[in-house]
Amino acid sequence: MSFKDIYEKSIKNPEEFWKSLSDDIFWFKKPTKILNSSKSPFYKWYEDGKTNTCYNAVDLHIDNGLGDKTALIYDSPITGNKSKLTFNELRKRVSKFAGALKNQGVEKGDRVVIYMPMVPEAVIAMLACGRIGAIHSVVFGGFASNELASRIDDSKAKILVTASCGFEPGRIVEYRPLVDGALKLAKHKLQKVIFYQRKGNEIKLNSPLEISWDESLANAKDTDCVEMNSNDYAYILYTSGTTGIPKGIVRDIGGHIVALKWTMKNIYNINQEDIWWSASDIGWIVGHSYIVYAPLFKGCTTLLFEGKPVGTPDAGVFWRVISEYKIKSLFTAPTAFRAIKKEDPDGKFFSKYDLSSFKSLFLAGERADPDTIKWAENLLKVPVIDHWWQTETSWAISSNCTGIEMMKTKYGSACKAVPGYDVKIIKPDQTIAKPNEMGDIVVKLPLPPGTFPTLWNADKRYKDNYMSNYKGYYQTYDAGHIDEDGYIWIMSRTDDIINVAGHRLSTGAIEEVLSEHKSVAECAVIGIADKLKGQLPIGLLTLKAGVDQDNETISKECIKMVRDKIGPVAAFKIAIVVKRLPKTRSGKILRGTVRKIADKEEYKMPATIDDPKILDEIKDDLIKNNILK
Ligand code: COA
Ligand code: AMP
């Protein structure tokens, strides 16, 4: 069937479409009710089905005779370690750790926070949760104590699974002070903290709260997969919201398995015998969906990479990994390729490796600039595909569906809506835009399976935030247009979220930290364009009257506060003191206008501006601080 036919079928009769796809996964009890729309916008897919995430990711393939096939390859250029686990070995380790979790009192529905570096044990912990019906919440290792504490509090987790340390180029990330800090800050009390001791970097544990990974396994029994209702949750993944309080995106079990398994062939053209690599981190949605779940649901071999595109040890590491393991396709963020391009613009490292296995590169997480796509195409001589998605959806909203039909590339566009997503552009007057007219990008409800049915313990926030501005539609908070051929162009966010090296951050959350500084009266954080990371946050600060600290000290302290409270991942390195912030007459800070000035974009003088002279002052400040050249 052509892409057009499949797409139309999915939109005209979603129930029939998703019913037939649900036959491709393992169910303890097949669903008879495919979609329940009675409580819109809270839709339920496969309501009466019973299944298990871990069974579909691991056991099913063993049942089908693939027990000796490699499920997980671990390659860590940062430590020099490499290993492989077959599906049989993976099941053994997952089922034992599931037993260990049970020994610590974890039951169906309990939450387990996982704060770990990119080691196989992190994937084992995720799958073990699925095995016993616990809900995992993975927290990215680059977040600091505050963020970890807010996730422990909101999820009311029973257990934290962590490690003695992570490794970043040039430094060891000690988890102990971060965990201790989080436990001090969190109001909710954990029952146990399980530390995975990394060889050579073991730490002393404090019983009775703390136990090592190995100790926890000592008297653990092999544990089978439990039957879960399709609408029970597989995980919570917190993502940036417009305030400092992160949003707990939840994923229900049945729809997640059906949708993600379908994407492997249809979007990525990956078959069961292929070897797949997603160079992301399990702390992000790309890592959840495409390091762990989708490739394992499909029964492929997936690669877990603990390293960076450059510096571990050089800009050739991606090519080394692709050639060593015969990777068919790679999925990463454009930043990774910009970093390689910067270090090795002529692709000298590339020529050292045999990349004959390599068939396509997928990019997402931030806007892929045409220069980088063209550079990658020239070097790799394979299709480079920009596709668009969000933590909220867990799989691509728009893409070239390469397993159905290869479409032509339009540089700067994230291709067409994927089957299941009825994407529209809405204008401020609430009418649907014509081709090429800009507006808010929305998706007609119901969203397909595998997307978020609600927010963790926050139905109202879900409804108010995402489903209310445009009745009958999910508001993506991205703006752009759809052209006459149906290609979607993602141009910007419409809220205060920025994308720094493919990492989603809230400028509002950074402002909350800055405003806690004793000398800061007001602040504004904006994301300015950056050649490597796409965007970088900068802070503009005004000071309280009578402050006796010098500006440099205040800036330094503010930068440190953001690093300590949010984490190094915020990449917050610029805070400048300004006399005044530009505002509307009603007091709203004109962040958008300042961003345009910093990025040398054209801007209109806002009609409601309180004092236009402030924009000139800001321009001078940006020049003085080398931001505007
Ligand atoms: N644990 C602890 N700290 C971490 C971390 C982790 N898991 N990941 C990143 N950090 C730290 C980094 O060490 C760095 O700290 P520093 O300020 O002391 O140098 C800071 O957070 C910023 O990290 P990052 O934005 O990754 O910048 P970088 O300069 O270290 O690396 C790239 C630049 C381009 C190599 C890197 O951003 C990259 O690989 N990007 C790919 C994007 C990606 O995978 N996105 C995931 C979504 S698809
Ligand atoms: P996250 O939830 O971290 O995946 O971030 C989602 C946001 O990243 C989207 O809402 C977009 O703003 C941005 N994004 C993701 N993929 C793309 C893409 N291909 N092009 C442009 N922006 C993207």
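Tutor: Let's take a few labels one by one and set each against its cut-off. This is a predicted model, where local features need pLDDT of at least 70 and side-chain atom pairs count only at pLDDT 80 or more, while totals for chains, interfaces and linings use all residues. Residues are numbered from 1 along each chain as its sequence is written, ligands are numbered from 1 in the order in which they are written, and side-chain values use heavy atoms, with hydrogens and water left out.

Student: Why is Ser-394 called buried?

Tutor: Buried means under 20% relative accessible area, exposed over 50%, and partly exposed in between, with a 1.4 Å probe and protein chains only. Ser-394 has 0% relative accessibility, so it counts as buried.

Student: And what makes Lys-92 exposed or buried?

Tutor: Lys-92 comes out at 60% relative accessibility, so the label is exposed. You'll find Lys-92 in helix α4, residues 87-103; a helix here is a DSSP run of H or I with at least four residues, a strand a run of E with at least two, numbered from the N terminus.

Student: What does Ser-394 touch, leaving aside its neighbours within four places in sequence?

Tutor: Contact means heavy atoms within 4.5 Å. On that basis Ser-394 has several partners, including Tyr-235, His-256, Trp-389 and Gly-450. With Gly-450, a polar side-chain atom of Ser-394 lies 2.9 Å from the backbone oxygen. A polar contact is a pair of N or O atoms within 3.5 Å; within protein, one must be able to donate a hydrogen and the other to accept it, and residues adjacent in sequence count only if both atoms are side-chain atoms.

Student: How do you know which domains ligand 1 lies between?

Tutor: Domain 1 (88-226) and domain 2 (501-624) both give residues to its shell, so ligand 1 lies between them. The domain bounds come from an automatic or database domain assignment.

Student: Which polar side-chain atoms reach an oxygen atom of ligand 2, and how far away are they?

Tutor: Asp-478 has one at 2.5 Å, Arg-493 has an N or O atom at 2.6 Å, and Arg-504 has one at 2.6 Å. Taken alone, ligand 2 exposes 490 Å², and the protein buries 94% of that. Those areas come from the Shrake-Rupley method with a 1.4 Å probe; for residues, only the protein chains shown count as cover.
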